[in-house]
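Please open the model in your viewer and keep the selection panel at hand.

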Amino acid sequence: MKGAPFATGYDGAMRYVSTRAQDPTQTASFTEILLEGLAPDGGLYLPAEYPQVDRATLDDWRTTLNTQGYAALAHKVVSLYIDDIPGSDLLGICQRAYTEEKFGTPDIVPTTRLSNDLFIGHLSNGPSAAFKDMAMQLLGELFAYELGRQGRSLNILGATSGDTGSSAEYAMMGKPGVRVFMLTPAGRMTPFQQAQMFSIQDPAIINMAVDGVFDDCQDIVKSIGQDAAFKAKYSIGAVNSINWARVLAQVVYYVALWIRCTDEATQKVSFSVPTGNFGNILAGHVARMMGVPIDRLILATNENNVLEDFFKTGLYKVRSREETWATSSPSMDISKASNFERFVCDMLGRDTATTAKLFGPTLSKAGSFHISEGDTQNVQPWEETVGTYGFMTGSSTHADRIATIQEIHTNFGVTIDPHTADAMRVALNQHKHVKTPIVVLETALPVKFQETIVEALGAPPVTPARFEGIEDRPRTVINIDNDPHQVRAIIEKTCAR
């Protein structure tokens, strides 16, 4: 298996290439891809090279976080990937995105130490109580800045399995020239998640509940995104994790959490990440590729364990709607992880032609592929390939989630949500195989999953004051079939007003 290119001789000029590029020399700048989402060829944008960081840079980042705060660190990290926005403007964007007012703490991403080698990284203190706020708040500010600079408007089309939607809508509300069209799988989110989105009474926020699963919603977004004429006519952009800027924003908290859980630059940590659409853990992969001292990336799934199967066997097999389970960690009820394409492209040494084949004709026709189909050199065994990228994996069940929530609450007095419980359970199972401290990424506050918390602990979680009575508020949502033509018609009608 060929390894992805590390950026030797990186000169500071950042360009982006599609994972399905016919000509990989055809590149674009950050602001050229910011508002686009999918590339015109249906691929996802990646940096042409990952910038590399050395000991001096890591030491500087540690000092920056400890003395100037999270926004200043974010500015330094994202500046490696954004060279077409003036530095002072980019700093202002980061400062507006990451404030104590929005995240309830000057730390932005605080940690809880459960033991000498086990931490929780708290990513869910933002406006929508989910880790998606970490990326979406920055994306909202970037969108507002770039739209203002270009004097244009944008219609955002996205899909959510629970948290992306509310994070996007909270981040984009009130931004001039921005509408949000968000697709959700009907009946597949918790009552709280539905209330967060559907209670928003803003004509620029249009929620649609699709008769299907999240993968169906995501397929609709991708199909419309590949229609260049429609996309151009209605100025369609994306906030799903197919948008590179979201992945980039998430890289920052891996750096911050590494700093908070270590004392100096030679120390490594591992991360356990609840994984559905692969965006969160992809950001960890990017940070590791850059040279951030990350040992293991522990990929945790629920019963929809397509990705676990891949990392154990090399076979990626998408499940049908009927085979995609509705679970008590619903934001991970995903069988077709869109960000996974970026990682496979790296695994194939940026062989964009093979990536296009695997994620285009092969996956469409067979519903699966084995990574060996793209391994033309067969340099090393599969186990060694996975080890090269630091991945470990495991899954958990509803019973595991309940037991883990109980265990962490009893032993440490901390209440975790079911997605974080998936990551915690897999981390505990893998603990003996990992030689570094493990940071479990918290991805949502327990209030979003009251039914499961009551089952585990016998009482509901604490409701933050800003969410009191949210489930009783009036709701606005359009129920539609699993049909991209209906989505197109709603966009056309809304834009004609």
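Which residues lie nearest the centre of the largest pocket? Select R20, D219, K222, K336 and F359: these lie nearest its centre, within a lining of 20 residues. A pocket here is an open set of points on a 1 Å grid over the protein atoms alone, where a 1.4 Å probe fits, with protein on both sides within 12 Å along at least five of seven lines; lining residues have an atom within 4 Å of a point.

The model is predicted: local features need pLDDT of at least 70 and side-chain atom pairs count only at pLDDT 80 or more, while totals for chains, interfaces and linings use all residues. Residues are numbered from 1 along each chain as its sequence is written, and side-chain values use heavy atoms, leaving out hydrogens and water.

Next, select α9 (214-225) and α15 (352-366), the elements that give two or more residues to the lining of the largest pocket. Helices are DSSP runs (H or I, at least four residues), numbered from the N terminus. The largest share of this lining, 4 residues, belongs to α15. The space in the largest pocket is about 370 Å³, a volume being the space filled by probe spheres set on the points. Its lining residues comprise 8 nonpolar, 7 polar and 5 charged.

Now move to the second largest pocket, with a volume of about 320 Å³. Select T190, P191, T327, E451 and T452, the closest to its centre of the 19 residues that line it. Then display α8 (191-198) and α19 (450-457), each of which supplies at least two lining residues; α19 gives the most, with 4 residues.

Terms used. Nonpolar A, V, L, I, M, F, W, Y, C, P; charged D, E, K, R; others polar.
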